[in-house]
Amino acid sequence: MKLLIVEDEPNLLSALRKGLSEKNHDVSAALDGTTALEMIQYTQFDVIVLDVMLPDINGIEICRRLRAAGNFVPILMLTALSSSDNIVHGLNAGADDYLTKPFQFSELEARLNALARRAGQDQKPAEKITIDDLEIDVRTKMVKRNGETIVLTAKEFNLLYYLAKNSDIILSRAKILDNVWNINFDMNTNVVDVYINYLRKKIDHPYEHKLIHTIKGLGYVIKE
């Protein structure tokens with residue numbers, strides 16, 4: 001799993017990061033809510049472990065903001081406050097589960113696995129993706145823009161599909177290489193840039209309104 005831990009106690013954060021990394025999870029960490037929100041904006045996590053008491057934006061407010069923005073990543077809240085009122089506030093804000101401190105690491109891992117499984121069962125791949133006047137039929141691999149059919153190669157379609165299913169999310173070249181070409185390191189290749197250019201010629205150049213955008217220093221994003 002790709003996990004984000006948001007916890008302002010450095011010792012606990014370090015222990016959780018070490019323990020979950022040793023279980024082969026990809027673990028990112030934030031000591032405050034502001035940093036966490038910035039990370040969530042640019043990275044898609046499988047589960048977020050979110051402490052309620054943070055020095056700037058509390059965990060309940062972070063949860064509210066994510067849900068209001070349409071982000072339904074599974075959230076496990078950590079709280080030192082075990083009263084039912086505090087637990088209810090967290091769940092009402094959109095959290096999926098909670099643990100009260102102190103807790104057993106084995107229980108934390110079991111709850112994270114359960115949240116990830118549940119999310120995987122709930123998220124059925126869409127058969128069609130629409131972004132502005134761009135239509136992508138995932139089953140038939142047909143692409144249309146403004147009603148006109150666009151012929152893509154297999155790799156061009158895979159790249160477009162990956163961008164589209166993560167629309168509005170900035171994707172780094174390394175992440176695109178990993179997910180489209182199955183290359184998990186950047187061998188100083190410009191293949192991503194080359195294929196983005198291929199897509200632009202077919203998807204964007206004939207039209208005034210552009211959908212594929214370069215975010216300097218970060219990567220690419222497709223959005224309305």
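**Entry 1: the cores**

Which residues have the most contacts inside the largest nonpolar core? I began with this point, working on a predicted model. I found that the largest nonpolar core has 28 residues, and that V143, L160, L163 and I176 have the most contacts inside it. I then looked up which elements supply this core. At least two residues each come from β6 (128–131), β7 (134–137), α6 (154–165), α7 (173–180), α8 (191–203) and β11 (219–222). I noted that α6 gives the most, with six residues. I also recorded a second, separate core of 20 residues, which includes A30, L50, V52 and A93.

**Entry 2: the whole protein**

I next turned to the overall description. I listed eight helices and eleven strands as the secondary structure of the protein. Along its principal axes, the C-alpha trace spans about 60 × 35 × 30 Å. Of the 224 residues, 41% are buried. The accessible surface comes to about 12400 Å², and 48% of it belongs to carbon and sulfur atoms. I also looked up the contacts between residues at least 6 apart in sequence, and 54% of these join residues at least 24 apart. For the charges, I noted 27 positive and 31 negative ones, with mean positions 6 Å apart.

**Entry 3: strand β4**

Is strand β4 (residues 75–79) largely enclosed or open? I found that five of its five residues are buried, so β4 is largely enclosed by the rest of the structure. I then examined its two faces separately. Strand β3 (residues 47–51) runs parallel to β4, and four bridges join the two. As one of the paired positions, I recorded D51 with its bridge partner L78 in β4.

**Entry 4**

I followed the strands in order from β6. This strand pairs with β7 in the antiparallel sense over four bridges, and T130 stands opposite E135 in β7. The hairpin of β6 and β7 has two residues between the strands, and D132 takes a positive phi near 60 degrees there.

How do β7 and strand β8 (residues 142–145) pair? I found an antiparallel pairing over four bridges. I136 stands opposite V143 in β8, and E135 has K144 as its bridge partner in β8. Four residues lie between β7 and β8 in their hairpin, where K141 in the turn has a positive phi of about 60 degrees.

The next partner of my list was strand β9 (residues 148–150), which runs antiparallel to β8 and is joined to it by three bridges. Here K144 stands opposite T149. I noted that this hairpin has two residues between its strands, and that N146 in the turn has a positive phi of about 55 degrees.

**Entry 5: V143 in its surroundings**

I returned to β8 and looked up its faces. V143 and R145 make up the covered face, whereas M142 and K144 make up the uncovered one. Which residues does V143 contact, leaving aside its neighbours within four places in sequence? I recorded L134, E135, I136, E148, T149, I150, L152, F157, L160 and I203. Among these contacts, L160 also stands with V143 in the group with the most contacts inside the largest nonpolar core.

Note on methods
Residues are numbered from 1 along each chain as its sequence is written. This is a predicted model: local features need pLDDT of at least 70, side-chain atom pairs count only at pLDDT 80 or more; totals for chains, interfaces and linings use all residues. Side-chain values use heavy atoms; hydrogens and water are left out. A nonpolar core is a set of buried Ala, Val, Leu, Ile, Met, Phe, Trp, Tyr and Cys residues joined through side-chain atoms within 4.5 Å. Buried means under 20% relative accessible area, exposed over 50%, partly exposed in between (1.4 Å probe, protein chains only). Contact means heavy atoms within 4.5 Å. Accessible areas come from the Shrake-Rupley method with a 1.4 Å probe; for residues, only the protein chains shown count as cover. Lys and Arg count as positive and Asp and Glu as negative; His and the chain ends are not counted. The place of a charge is taken as NZ of Lys, CZ of Arg, CG of Asp or CD of Glu. Two strands pair if DSSP finds at least two bridges between them.
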